[in-house]
Amino acid sequence: MQKSPHAAVQGLLIYASTSAMLGLIFGQMSWGLVVGLSIWCVQQIRLTTKLKTWLQNPDTAPPEAPGHWGEIFDDLARLQKRHQLKTQQLKEIIVRFQQSSSALADAFVIIDQHSNLEWWNLSADRLLGLKASADRGKPVINLLRDPRFIRYFRKGHYEDPLQLPSPVLNDVVLQYQITEFGFGDRLLVARDVTQLVRLEHTRQDFVANASHELRTPLTVIRGYLETFIDQELPTPLMRAMTQMQVQASRMESLVTDLLLLSRLEASQHIADENPIRIQEMLHNIQQDGIALSDDKGHEISVSVDAEFDLLGQPQELHSVFSNLLFNAVRYSPAKSKIDIRWWIDQNGGHVCVKDNGLGIESIHLSRLTERFYRVEEGRSSSTGGTGLGLAIVKHALHRHGAKLTIESQPGKGSVFSCHFPLDMLVKINETES
Ligand code: ADP
């Protein structure tokens, strides 16, 4: 039954008028009122005390009380029951979540907005060595101390995953991926990718060994072909020999590029960094570009921000910049302009190669750095490319912590830019000392 919200006021009025009437009967209406209201106050205090005592121990049955107090106790008891039921349901959900998360093979770790460990599943104990009793609430970088993880965690951009050896298990490689949620909280997932890494190494070893083994027979074939071509041969035979020599040279370039690519893939970072005189390197590459262009007469210019040089692996970076310039020469019409530029801004150092050549449709751009990806088969084979140039560029840049971006408009030209982080830059006078 719905009770009137004014039941308490009505009760008080009835109480007051009854005491006043009783007082009137004895000729003392005000005293009757005072005594009656005092008794009413004492009763309210007693009931409030009962309520307080019950609220401190809510598992017991609600106390008996008259009038609207009884209704309040009943309502509270009902609310309490509902609350207990909800709590029970939530507990069951949490237990089921914990059971299912501990059945997962991947490690899941929740990190709060202060970068402290909040919760993790059983696999995190096994793969990362986190201890439930001791590590809760500790900063994650105190427990996962590999400098590469710390740099990745602090960077705050988690688009790419990070691969590292497990901190506790020998021969296990983990792939870390972080996702942000809530207000600065993070979910760290660590996956065991040991099998995948092993397969990838087997693939890389196969390519490296096969390329290496192909090298010697190719050198012999080329040597004999050169000897034959130097002889007086009938024209059809000479034509065939020349064709064979061209194809053998192509195969040799392919083998050289495959070997270089597998060397680059073998590790994610360069072993040592040397200061590179970028101005000198770009001018040398410009000369190689002019030689490749030959009678096509491309106009190749170099402009350099002379204040900074770059730290890195000279052969790899030479290969990066020359691949970009040679592509610009191959895929631009004769006499067109090609600009090579090195400049610095607040994000780091940048090398860009801009041509006014054929350009590339935007649908191809994201796939250009895949091995053997060609925009048009005819376009590339006629230029003598191996189809591995941009894959080499991408891997070599990755090893330097750098990125490649490509902008292109069909029929207008392309800009290939390499972006190096600030910590790979070095002031020119430091390079000279
Ligand atoms: P390739 O040896 O075939 O040149 P790359 O990996 O160097 O292989 O380049 C991949 C493809 O990207 C090329 O086949 C070509 O179609 C396209 N490409 C690369 N650079 C340019 C450029 N500067 N202008 C137009 N197309 C280009």
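Gln 245 comes 22 residues away along the chain, and 9.4 Å separate the C-alpha atoms of Gly 223 and Gln 245. All of this is read from a predicted model.

Now step back to the whole chain. The protein chain holds 15 helices and 13 strands. It is divided into four parts: domain 1 (7-97), domain 2 (104-192), domain 3 (199-265) and domain 4 (274-432). Between the centres of domain 1 and domain 2, taken over C-alpha atoms, the distance is 53 Å.

How does the overall form compare with a compact globule? For 433 residues, such a globule would have a radius of gyration near 22 Å, but this chain has 40 Å. The C-alpha trace spans about 150 × 50 × 45 Å along its principal axes. Of the 433 residues, 35% are buried. The chain exposes about 26400 Å², and carbon and sulfur atoms supply 58% of that area. Among contacts with a separation of 6 or more, 57% are between residues 24 or more positions apart.

The largest nonpolar core has 43 residues. Leu 310, Phe 321, Leu 325, Trp 342, Cys 418 and Phe 420 have the most contacts inside this core. The elements that give two or more residues are α9 (235-265), α10 (278-293), β7 (299-304), α11 (314-330), β9 (337-345), β10 (348-355), α14 (389-399) and β12 (413-421). Helix α11 gives the most, with 7 residues. Where does this core lie relative to domain 3 and domain 4? Both domains give residues to the core, so it lies between them. A second, separate core has 23 residues, including Ile 111, Trp 120, Val 172 and Ile 178.

Take Phe 321. Leaving aside neighbours within four places in sequence, Phe 321 is in contact with Ile 278, Met 281, Leu 282, Ile 285, Leu 310, Val 351, Cys 418 and Phe 420. Then take Cys 418, which is found in strand β12. Cys 418 is buried, because its relative accessible area is 0% and buried means under 20%. With neighbours within four places again left aside, the contacts of Cys 418 are Val 320, Phe 321, Leu 324, Gly 349, His 350, Val 351, Leu 397, Lys 403 and Leu 404. Asp 205 is 213 residues from Cys 418 along the chain, and their C-alpha atoms are separated by 28 Å.

How many of its 11 residues are buried? The number is 8, and α14 is mostly covered. The buried residues are Gly 389, Leu 390, Ala 391, Ile 392, Val 393, Ala 396, Leu 397 and Arg 399. Their cover includes α9, α11, β11 (403-409) and β12. Just after α14, Gly 401 takes a positive phi of about 70 degrees.

Is Glu 316 buried or exposed? Glu 316 is buried, with a relative accessible area of 10%. The side chains of Glu 316 and Arg 399 are joined by a polar contact of 2.8 Å. Beyond neighbours within four places in sequence, Glu 316 is in contact with Leu 264, Ile 270, Ala 396, Arg 399 and His 400.

Finally, the backbone. Most residues other than glycine have a negative phi. Ser 115 has a positive value, near 65 degrees. Ser 115 lies in the loop between β1 (107-111) and β2 (117-120). At 22% relative accessibility, Ser 115 counts as partly exposed. Phe 372 also has a positive phi, near 60 degrees. Phe 372 is found in the loop between α12 (362-365) and α13 (377-381). Its relative accessibility is 41%, so Phe 372 counts as partly exposed.

Methods
Residues numbered from 1 in each chain as written. Predicted model: local features only at pLDDT ≥ 70, side-chain atom pairs only at ≥ 80, totals over all residues. Heavy atoms only, no water. Core = buried A, V, L, I, M, F, W, Y, C linked by side-chain atoms within 4.5 Å. Buried < 20%, exposed > 50% of the residue type's maximum accessible area, 1.4 Å probe, protein only. Helix = DSSP H or I, 4+ residues; strand = E, 2+ residues; numbered from the N terminus. Domains from an automatic or database assignment. Contact = heavy atoms within 4.5 Å. Polar contact = N/O pair within 3.5 Å; in protein donor to acceptor, adjacent residues only side chain to side chain. Rg over C-alpha atoms; globule rule 2.2 N^0.38 Å. Areas by Shrake-Rupley, 256 points an atom, 1.4 Å probe, with all protein chains shown as cover.
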